[in-house]
Amino acid sequence: MPEQLVFAMEVTLNGLMAGVLYALVALGFVLIYKASGIFNYAQGVLALFAAMTLVGIMQGQVPFSHLINAVFGGHITHFGWNVPGAVAIALTVAVMVLLAWLVQVLVMKHLVGQEPIILFMATIGLAYFLEGVADLMWGSEIKTLDVGLPQGINLWIDETTFNIFGYGFFIDNLDIVATVIAALLVAGLVAFSQYTKQGRAMRAVADDHQAALSVGISLNFIWVLVWSVAGFVALVAGIVWGTKSGVQFSLSLIALKALPVLMLGGFTSIPGAIVGGLIIGVGEKLFEFAVGPLVGGATENWFAYVLALLFLVFRPQGLFGEKIIERV
Amino acid sequence: MFYREAGDFKVSYADDSQTFPIKFDRYRYYAVLAVAFGLIPFLINDYWANAILLPFLIYSIAAIGLNILVGYCGQVSLGTGGFMAVGAYACYKLMTAFPEVSMFLHVILAGGITAFVCVLFGLPSLRIKGFYLAVATLAAQFFLVWLFNRVPWFYNYSASGQINAPERDTFGIIITGPNAPAWATYLFCLIFLTVCALIARNLTRGTVGRTWMAIRDMDIAAEIIGVNPLKAKLTAFAVSGFFIGISGALFFAVYLGAVEVGEAFGIQKSFLVLFMVILGGLGSIFGSFAGAAFLVLLPVVLKVVGVDLLNWPTDIVAHFQLVIVGALIIVFLIAEPHGMAQLWRVAKEKLRLWPFPH
């Protein structure tokens, strides 16, 4: 088999894995957009906030210690205990639920019925706010996150492919775990929205707010629920990305990676987010592999957007989006 | 008492179609111009020019440009940073290629080039609408920044990858470079802002502006009554791109002097200008000024209060700044989604009736 083809296969595999991660972030967007029509730019910062909170709880950091020290003097930083990963994750989920409730009560409740662009702006404001709060709470230095996910090259794949092609593929164990987690998460979300009472209510709200209200579904509760679920998805994304590249500000930029995925898949479709993520992941890796060296590299920054843009010109609602019907 | 039409008789068509039809408004406008042109240049020093006045003037131009696109024509764009970069790099290439030509011409040409690029990226708006379009304009943002970073021709093969504004003058007065006097840079930007604001104000009152607003309010209905959406949308992109290009050129050449594209014209810049437009008020020229002033002053005020008065460490102040800006944006959107321009309109109505409100 020609060498280039084998390389391309490896790149494709890696692209698929990256695509799963993009899809993971995009899922959070889709959930909120479907249920409340809010395009939640803060999703990436939610992931950052969740990951920082998780690290902070695990290491027993005192929240706002930096600020307290600056205002009152003193040198408190840590409580002096370490919390095991599972407990810390549970606590972080609780924090994210609390955050969802606060967002709903303090912000989104007052903006019901505003134009979409205003809601979008509000979530950008929320993103700034959360980023500032996260930095104040836990400090802005780069942290390492380790909840016991395996990392490093997968030797089994390396050996198997070496025996077949004479060249060992480099696949990170973490990517494989991430793929499994994402699959489980999606299955869980689908089961939740199909088979539980709250899930059905969530879908009802997504379909029609007023009809849902008239059969006695509490919009407030559903929106808190949706933001909580989005917060949970953000936590999962934060754990995976945080383990991969450290918990730092750039984590919040994964939101920008998820946007073309959303465009491609459609803002309203969960399968769309996954398929879109895979297409973008494979597409940008292959493009960088094939064309990148010719034009100076780093094409990953923009390729996804241009691909999505070209795609939209032919299908304005994305792959799986609801058909846009316009009336005068 | 203020802002009354009574007693202001129009005796000719020219009177009737003035830019500011109300007498009080007109005099206020002349007064502002007189102070801006006649008073401030004599009082200005380097700190005021660089910390407040220049960024305010330049961001105002950008905000007016974006307001035309978002506020008047309803096409949400997140590519402002990228388009400002086009203006900056066009200006740089022109400045280095034709050193003896006046800076005025360079900046205007840079605006023209940006307008062209903006129209190019505006073409998909004919098919894509709403948030899909907003995200699509991000393609422009990332692609343009990448382009200026990776293609050495744009930064004249300089080793650092930065662009530096060489010393250039207009009518014998140095405008760019470290030796430019504060008053000259201020006046240079002010002239551009005044002309841009006048153009924008008059465009939005006329046929072009009305077709934009028709497209914004409901594009299908507008199409049915005979507005050409292709023309309306692309003219909005062109005019908006022209202004944003000018502001980008000024931002680089006059204000910063040296620019690293990813840092100066990144996605944050797009959001910043969009915030100015939204907080100031969509579809209002005055709102663009108000929004720009607010977001330029806010960090300066926070820094003065936090670092100088309270003596907090700078990193904590920086974090607080994020929190406060974010919270203010949210509070503002909840309290007055139509921006400061709406507050101004309400105040004007009150003043009209004052002192007999009933």
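Predicted model: local features only at pLDDT ≥ 70, side-chain atom pairs only at ≥ 80, totals over all residues.
**Exercise 1.** Work out what chain A is built from, and how its radius of gyration sits against the globule rule.

*Solution.* Start with the secondary structure: chain A has 14 helices and zero strands. Next, take the radius of gyration, which is 21 Å for chain A, while the globule rule gives 20 Å for 328 residues. For the dimensions, the C-alpha trace spans about 65 × 60 × 40 Å along its principal axes. Finally, check the interior: buried residues make up 45% of the 328 in chain A.

**Exercise 2.** Describe how H12(A) packs with H14(A).

*Solution.* First locate the helices: H12 covers residues 270-290 of chain A and H14 covers residues 300-314. Their axes come within 9 Å and cross at roughly 125°. As for handedness, H12(A) passes H14(A) in a right-handed crossing. Now pick out the contact: H12(A) brings residues including Ile280(A), Gly283(A) and Phe287(A), and H14(A) brings, among them, Phe303(A) and Leu307(A). Sorted by class, that contact has five nonpolar, one polar and three charged residues.

**Exercise 3.** Which helix of chain B gives the most to the side that touches chain A?

*Solution.* Begin with the contact as a whole: 37 residues of chain B meet 41 residues of chain A. Helices H6, H9, H12 and H14 of chain B each supply at least two residues of that side. H14(B) gives the most, with 13 residues. By class, the chain B side divides into 32 nonpolar, two polar and three charged residues.

Technical notes: Residues numbered from 1 in each chain as written. Chains lettered and ligands numbered in written order. Axes fitted to C-alpha atoms, helices over the stretch in contact; angles between N-to-C directions. Helix = DSSP H or I, 4+ residues; strand = E, 2+ residues; numbered from the N terminus. Left-handed = near helix turned anticlockwise from the far one by under 90°. Contact = placed C-beta atoms within 7 Å. Nonpolar A, V, L, I, M, F, W, Y, C, P; charged D, E, K, R; others polar. Rg over C-alpha atoms; globule rule 2.2 N^0.38 Å. Buried ≥ 20, exposed ≤ 12 C-beta atoms within 10 Å, placed from the backbone.
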